Amino acid sequence: MVTLKAVVEALLFSSQKPLTPKEILQVVRLGTEYAGEEEAADLVKITEESIQATLQSLTSEYTELGRSFQLVEQVSGWQLSTRPDYQIWVRQLFPELRPTRLSPPALETLAIVAYRQPITKGDIEAIRGVTVDGVMQKLLDLGLVKIAGRAEIPGRPLLYETTLHFMEHFGLKNLNELPNAPELRSLALPSAKISAEAQSNNPADALATAESPEPNATDIREPEAETEAKVAVAPDPSDHQHDSTERG
């Protein structure tokens, strides 16, 4: 007997991208046209709420069974991925996938954008106390940051914000899941309109010596480096590393 849980599980296993409850519902309803009468009678009654409940049930079931994979909800939907405990073995399966190194200065700049977006490059430089042209270009190339428009101030400088890829990479469903988000968003910080003399008294000036890449860098996967594999590695918060390959 085909059940809703089994159908949802099959879709998650086969999909090469995260699926939302709405997308799953649409696929299930389309499939009922080719199902038997008994199966169609049960599946045709499902709602988006029942899909959501099924996803939650599968999540709990995988955890209770101690499976090597898990069902995680990302900003763009639900996806099966291998648990962090097994990532060192999964990496050996794809030795050709070399992660790009993300340096501490790049992480600092990315954190400023994430917490204070949309933000101008001038404001980022005022906070960090150093120029960030090279770092910003690196983040743009990696698809972690994008141009969000122009600020309504003299000169109309570009505004920057994080991308969907940033959310997926760090396993966030929304920006409110960032650590200490309310506090860090309301913290008073220097801006590009503050004089150079005032900026010189900012603790961010201490970061100027860290502008060159350091050995303790963070690995990050470029968007174009994804592969159509059947496993994905969830983020490991202990070392800020995250290598993922999609389940196909």
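I took axes as lines fitted to C-alpha atoms, for helices over the stretch in contact (heavy atoms within 4.5 Å), with angles from 0 to 180 degrees between N-to-C directions. I took helices (H or I, at least four residues) and strands (E, at least two) as DSSP runs numbered from the N terminus.

The model is predicted, so I noted that local features need pLDDT of at least 70 and side-chain atom pairs pLDDT 80 or more, while totals for chains, interfaces and linings use all residues. Residues are numbered from 1 along each chain as its sequence is written, and side-chain values use heavy atoms, without hydrogens and water.

Entry 1, helix 8. I found that helix 8 lies across strand 5 and strand 6, at about 110° to strand 5. I listed Val 135, Met 136 and Leu 139 as buried (under 20% relative accessible area; exposed is over 50%, partly exposed in between; 1.4 Å probe, protein chains only). Seen down the axis, the buried residues of helix 8 fall within an arc of 100° (directions from the helix axis to the C-beta atoms), so they line one face. On the face turned away I found Gly 134 and Asp 141 exposed. The buried residues pack against strand 3, helix 6, helix 7, strand 5 and strand 6. After helix 8 comes Gly 143, with a positive phi near 80°.

I read its three strands in the order 4-6-5, with antiparallel pairing (at least two DSSP bridges between two strands). Strand 4 and strand 5 are at the edges with a single partner strand each, so one side of each lacks a neighbour in the sheet. Two bridges join strand 4 to strand 6; Ile 119 has Tyr 160 as its bridge partner.
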